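I opened this notebook to keep track of what I looked up, one item at a time. The entries follow in the order I made them.

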Amino acid sequence: MSTWNTKQAPDGGWGWAIVVASFMGQLLAYGSPQSVGVLYPEWLNTFQDGKGMTALVGSLVSGVGLIASPICSACVVNFGARPVTIFSGVMVSGGLMLSAFAPNVQFLIFSYGIVVGLGCGLVYAATVTITCQYFDKRRGLALGIVTTGTSIGGCLYATVQNEFIAFFGLDGCLLLIGCFALNIIACAGLMRPLHLPAYYLKQRAALAEKAEEKVLEMAPVVEDPIKKNQSVNVLITGETKDPPPPYEKSLVSYMALVRLVKKKQKEYSEYLHSTAELLQNRVFLATCVSLFAYCLGAYTPLLFLEDLAQSEGLISGISTIPLVSIMSIAAGVGKMLLGVTMDIRWMNSIFLYVFTLLGTGVALLIIPVTRNYAGLQVISALLGFFSGNWSVIPYMTTKVVGMDRLTEAYGILMFFGGFSIMLGPPVAGWIYDWLHCYDLAFYFSGSFVLLGGAGLFLAALCCQNKNQDETNMSDTESINDYDKVVTVA
């Protein structure tokens, strides 16, 4: 085995350069998608399309990366963090620059929603993977610093995009932001691999096998007397063994292909069976449903809150510190505080997550009755803080399904969340197109989040009571057995 694969995590040294590069990579990639609420009113004014169709651009850029996270992770495992980060930098930058020349919203859905969204997913997978390779004991601290880049990027880009739009227009803003995103490629230069990726290992194994074959071909052949006698008999009798006909070769190739298909089919069936087993866990199923309901409603204000403030006349234009910036700052604080709260021994991760869902639902329901900009700023801070509950999800999932099945369960949760993010804002936009009012859209969003939180709370409470009853029953049975032993004695 190569020495590259036996290296241990240094927990420092060049690892801190990796942290800085990963932090900047996430800041540059997620800055614009996290502050897409600033671009949304400009797209509405430019293309004069429906709010539901335009909202699909912002929802896709967040949801596509989550749904494609297994593919992004597979790319990092096979090709390494550095090549994937370089490719993702080209995707994010190219998608933003293409969006500057978009003739309609449908083109934006492709250039900004899909291309930039996939690029962000690749950046996230690459930066998190290489950070985990370089850190073991300080992994939590390193990942906390790296993932804060998304929140800080959203905060900075909200103000920067606002100023760029004022000076250079929407097209100039997207071109400049796309140029900034090219610096992701420079961040990739610092990502020195600690382990060789699987693709290079396979190539090395294939080259070694070819070299061995050449050595065997060049080695001197020792003549076997038995084979020599056989060759003499062949010369005398004139009988030779004919080579196999072509149809036999094709039959062998066909059988090999059939075996490969059956192997893959077996792997897929095992994966589906394992997924079905996970979904039979009531608490995990309730977690999936609650995350779906949360993402369906919680991403609505990210797009519509600025437009709501302008349409209601609470502010003319966009504030120097937009509502999206406040949400991003509060989200960074929420990630850190909620993550620290999880280290408290008596803290229940499921109930803490339920608290954030209920708080988000109440804040969404208050938005329609808020009649001043200061109130929207406070609500934005609360929504941003509660959105830091993404740092609670891995802890909660570990408690529900165990550490062995965390990766599989987390992938299922990300699929539910990504699909819901793509669905929520367009539905709220279509409600506005139907009623020409945001009130029902936010009532719809808040109600879904509250229902998701209440359902998870009831499922967790029922399972907790069931576990306590089973514990009490086992204690009672042990006492009865002890009484029987005493009686017999």
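Entry one. I began with a pair of helices, α15 (residues 349–366) and α16 (residues 373–386), and found that they pack at an angle of about 155°, with their axes 9 Å apart. The model I am reading is a predicted one. Angles over 145 degrees count as roughly antiparallel, and α15 and α16 are therefore roughly antiparallel to each other. I also noted the hand of the crossing, which is left-handed where α15 passes α16.

I then listed who makes this contact. From α15 I have F355, T356, G359, T360, A363, L364 and I366, and from α16 I have I379, L383 and F386. Sorted by kind, the residues of the contact of α15 with α16 are seven nonpolar, three polar and no charged.

Entry two. I stayed with α15 and turned to another partner, helix α17 (residues 393–401). I read an angle of about 135° for the packing of α15 and α17, with the axes 9 Å apart. That angle makes α15 oblique to α17. The crossing of α15 and α17 is left-handed.

On the α15 side I wrote down S349, I350 and Y353, and on the α17 side I393, Y395, M396, K399 and V400. I count by record six nonpolar residues, one polar and one charged in the contact of α15 with α17.

I moved to helix α2, which covers residues 36–47 and has twelve residues. From its first C-alpha to its last, α2 reaches 16 Å, close to the 16 Å expected at 1.5 Å a residue. I checked burial next: V36, G37, V38, L39, Y40, P41, W43 and L44 of α2 are buried. After α2 comes Q48, and I noted that its phi is positive, near 55°.

I placed L98 in helix α5, which spans residues 81–100. Is L98 buried, partly exposed or exposed? Its relative accessible area is 39%, so I put L98 down as partly exposed.

I asked which residues L98 touches, not counting those up to four places away in sequence. They are F107 and S111. I also looked up the spacing to L108, ten residues from L98 along the chain, and the C-alpha atoms of the two are separated by 8.4 Å.

Methods:
Residues numbered from 1 in each chain as written. Predicted model: local features only at pLDDT ≥ 70, side-chain atom pairs only at ≥ 80, totals over all residues. Heavy atoms only, no water. Helix = DSSP H or I, 4+ residues; strand = E, 2+ residues; numbered from the N terminus. Buried < 20%, exposed > 50% of the residue type's maximum accessible area, 1.4 Å probe, protein only. Contact = heavy atoms within 4.5 Å. Axes fitted to C-alpha atoms, helices over the stretch in contact; angles between N-to-C directions. Parallel < 35°, antiparallel > 145°, perpendicular 65-115°, else oblique. Left-handed = near helix turned anticlockwise from the far one by under 90°. Nonpolar A, V, L, I, M, F, W, Y, C, P; charged D, E, K, R; others polar. Expected span 1.5 Å × (residues − 1).
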